[in-house]
Amino acid sequence: MRWLPASLMLAAAVLALACAGRLNAYWMHVAIIAMYYAILASSWSLLAGYAGLFSLSHMAFASIGGYTSGMLTQWLHVPIPFGLLAGVIVCCAGGGAIGWVCLRMSGPYLAIFTLGFSEIVRITIATEDDVTAGMAGLHTEPLFASATRLPYFYVAFALLAASLLLMSLLVRSRWGLFLRAIREDEQAATASGVAVERCRIVAFAIASGFAGLAGGFYAHYIGIMTPGVGDLDEMAKLVVMTVIGGMERLPTAVGGAFVVQFLLEWLREYGQWRLPVFGIVLLLTMRLARNGLLTPLWLPFLRLGEARGQPLVAAPTVPHKEPGT
Amino acid sequence: MSGRTELVRGVGLVKWFGGIVANDAVDFAVAEGDLVGLIGPNGSGKTTLINLLTGHLAADGGEVRVRGQRVSGRPPHVFAAMGVARTFQLTQLFGRMTVLENMLVPGLTRPHSTWEEVVRRARRNLDFLSLAHVERLPAKNLSGGQQKLLELGRCLMLEPAVLFLDEPFAGVHPRLRDELLERIRELHRGGRTFVVVDHDMESILRISRRLVVMARGRKIADGAPDAVRADQAVLAAYAGL
């Protein structure tokens with residue numbers, strides 16, 4: 001039963017793959033975009049939810065990843081997979097650098113700093129017409145020549161599954177424990193032997209790398225990159241998705257991305273009024289369910305898995321004995 | 001101190017906060033097996049000294065040595081890796097993490113540690129501290145005294161050479177305080193070295209083998225508890241006599 005949460009996710013994945021062929025082109029596009037946001041939401045959850053680093057530069061890294069891959073494939077005719085890889089590497093390096101510069105910052109200071117970085121990236125992309133094609137948008141090579149979106153669905157699915165697997169391994173490792181300790185109390189974490197600075201830099205680098213991967217896929221799916229990909233509205237949307245789902249767990253962050261993206265499409269007939277509705281949902285979430293609306297639905301499965309599973313190591317019964325002897 | 005390995009030494013430590021000197025050329029050394037009580041009136045610089053000796057503050061003057069190696073200016077996790085553990089004046093736990101997870105964090109920072117071994121050791125330490133029954137609770141749900149015990153347990157997970165405990169008895173129920181005192185004594189008998197800062201003179205005098213007194217940022221006495229208690233300078237600074 002310890003595998004119950006993983007089994008549930010696997011079942012959901014199989015169901016999604018089985019149903020993919022039945023979706024019409026419109027809903028398949030919505031599903032693909034939801035998976036793009038799911039990669040971004042889960043990686044932002046790694047940064048903000050697990051490590052407590054409330055960065056607002058995540059969409060800027062998605063933008064950097066997309067433009068890097070787009071420009072390399074367009075101008076240097078680099079194969080798309082290498083373009084994507086280059087985008088990931090550039091974002092990892094950039095994320096690590098931002099993490100290093102922000103080492104002493106947290107809370108609102110970190111948010112404002114990363115917001116500033118994000119705006120610098122957006123404005124630079126918008127104004128450097130010769131390099132980025134500016135506001136007109138950079139046309140990018142499509143990933144497939146196929147007339148249907150199904151191959152894109154499978155690629156998005158594979159990228160999301162691989163990203164979640166890697167991030168799950170990370171959060172279940174000692175690094176995940178250290179990140180949560182840093183979120184709870186940085187001073188106590190460093191007193192406990194955690195190399196806080198290294199962990200923060202690595203968290204920024206990894207999360208930014210996943211953002212770059214998502215951005216790269218988006219560039220080669222949509223076929224055009226514009227500065228709007230990294231703007232504040234997009235970042236706000238990502239925050240809403242993650243917070244409404246539950247930012248302290250990867251599955252709830254992913255669920256948040258799907259729920260919000262599908263609801264946005266479903267409520268499209270209400271035009272701009274659907275956005276205030278999400279604002280109200282966000283307010284209610286922060287007031288009534290700080291761990292997100294999906295966390296209460298996900299936790300019982302985790303508890304069921306824990307309750308029926310074998311403990312990692314049986315508790316010893318040595319009474320009041322000097323430890324370490 | 002002769003014959004025993006010196007674990008931590010601060011030489012001529014100076015720390016300024018604005019125009020106020022918190023530590024004024026303080027020399028302080030701890031040797032293996034010591035159980036030092038560090039006392040002094042409020043604002044005498046005790047916590048600042050601990051912060052300097054554990055890497056949580058950088059000194060404006062002087063240097064810190066751990067096992068003879070100069071470590072001034074290094075981050076606290078380096079001190080922890082060298083066996084210097086500490087608790088905080090106001091308990092600092094990983095509140096939303098479970099008691100067991102609180103113990104695992106320092107344990108897993110040790111080189112070559114494995115999850116199974118660290119979990120086993122954490123449970124043994126929790127058992128020793130009478131916290132085994134709450135291992136699945138979030139640390140923030142523990143009582144004040146249990147939180148102090150957990151903070152001590154977290155230090156033990158580092159397998160430290162020396163533990164600096166900053167006001168471990170403050171606000172703790174007398175029954176839990178006695179338990180805490182007993183655990184410190186037991187650990188000391190097992191070979192652990194302690195520096196304990198507290199205002200609870202009764203508790204400090206019950207366990208200390210050596211007493212260090214600070215006043216106005218300076219060390220004014222250092223020696224056996226009986227000798228220090230009779231010191232006129234200490235009486236003047238501490239009791240205003």
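**Sheets, helix packing and chain contact in the predicted model**

In this predicted model, chain B holds an open sheet of four strands, ordered E2-E1-E4-E5, with antiparallel pairing. Strands E2 (20–31) and E5 (69–70) of chain B lie at the edges. Each has a single partner strand, so one side of each is left without a neighbour in the sheet.

Within this sheet, strand E1 (residues 6–17) of chain B pairs with E2(B) over eight bridges, in the antiparallel sense. Val8(B) stands opposite Val30(B) of E2(B). Lys15(B) faces Asn23(B), also in E2(B). The hairpin of E1(B) and E2(B) has two residues between the strands. In that hairpin, Gly18(B) adopts a positive phi near 65°. E1(B) is also joined to strand E4 (residues 61–66) of chain B, by five bridges. These two strands run antiparallel. Here Val11(B) has Glu63(B) of E4(B) as its bridge partner.

Chain B also contains an open sheet of six strands, in the order E6-E7-E8-E3-E9-E10. Its pairing is mixed. Strand E6 (84–86) and E10 of chain B are the edge strands, and each pairs on one side only. From one strand to the next, the twist averages 15°. Strand E3 (residues 35–39) of chain B runs parallel to strand E8 (residues 193–197) of chain B, and four bridges join the two. Val36(B) stands opposite Val195(B) of E8(B).

Arg216(B) is located between strand E9 (210–215) and strand E10 (218–223). Its phi is near 50°, a positive value in a residue other than glycine. Most residues other than glycine have a negative phi. Arg216(B) counts as partly exposed, because it has 14 C-beta neighbours inside 10 Å.

Chain A provides another such case. Ala133(A) has a positive phi of about 70° although it is not a glycine. The residue belongs to the loop between helix H6 (129–132) and strand E1 (138–139) of chain A. Ala133(A) has 20 other C-beta atoms within 10 Å and is therefore buried.

Helix packing in chain A was examined for H2 with two partners. Two packed helices are described by the angle between their axes and the distance between the axes. The axes of helix H2 (residues 25–50) and helix H7 (residues 150–172) of chain A come within 9 Å and cross at roughly 15°. H2(A) is therefore roughly parallel to H7(A). The crossing of H2(A) past H7(A) is left-handed. On the H2(A) side, the contact includes Met28(A), Ile32(A), Met35(A), Ile39(A), Leu46(A) and Tyr50(A). H7(A) contributes, among others, Tyr152(A), Phe153(A), Phe157(A), Leu160(A), Leu164(A) and Val171(A). By class, the residues of this contact of H2(A) with H7(A) divide into 18 nonpolar, three polar and no charged.

H2(A) packs against helix H11 (residues 232–245) of chain A at an angle of about 70°, with the axes 9 Å apart. H2(A) is therefore roughly perpendicular to H11(A). The crossing of H2(A) and H11(A) is right-handed. Tyr37(A), Leu40(A), Ala41(A), Trp44(A) and Ser45(A) make the contact from H2(A). Leu238(A), Met241(A), Thr242(A) and Gly245(A) make it from H11(A). The residues of the contact of H2(A) with H11(A) comprise six nonpolar, three polar and no charged.

The two chains also touch each other. The contact takes 34 residues from chain B and 29 residues from chain A. On the side of chain B that touches chain A, at least two residues each come from helix H2 (76–81), helix H3 (99–109), helix H4 (115–128) and helix H5 (144–156) of chain B. H4(B) gives the most to this side, with nine residues. By class, the side of chain B that touches chain A has 17 nonpolar, six polar and 11 charged residues.

Methods. Residues numbered from 1 in each chain as written. Chains lettered and ligands numbered in written order. Predicted model: local features only at pLDDT ≥ 70, side-chain atom pairs only at ≥ 80, totals over all residues. Buried ≥ 20, exposed ≤ 12 C-beta atoms within 10 Å, placed from the backbone. Axes fitted to C-alpha atoms, helices over the stretch in contact; angles between N-to-C directions. Parallel < 35°, antiparallel > 145°, perpendicular 65-115°, else oblique. Left-handed = near helix turned anticlockwise from the far one by under 90°. Contact = placed C-beta atoms within 7 Å. Nonpolar A, V, L, I, M, F, W, Y, C, P; charged D, E, K, R; others polar. Pairing = 2+ DSSP bridges.
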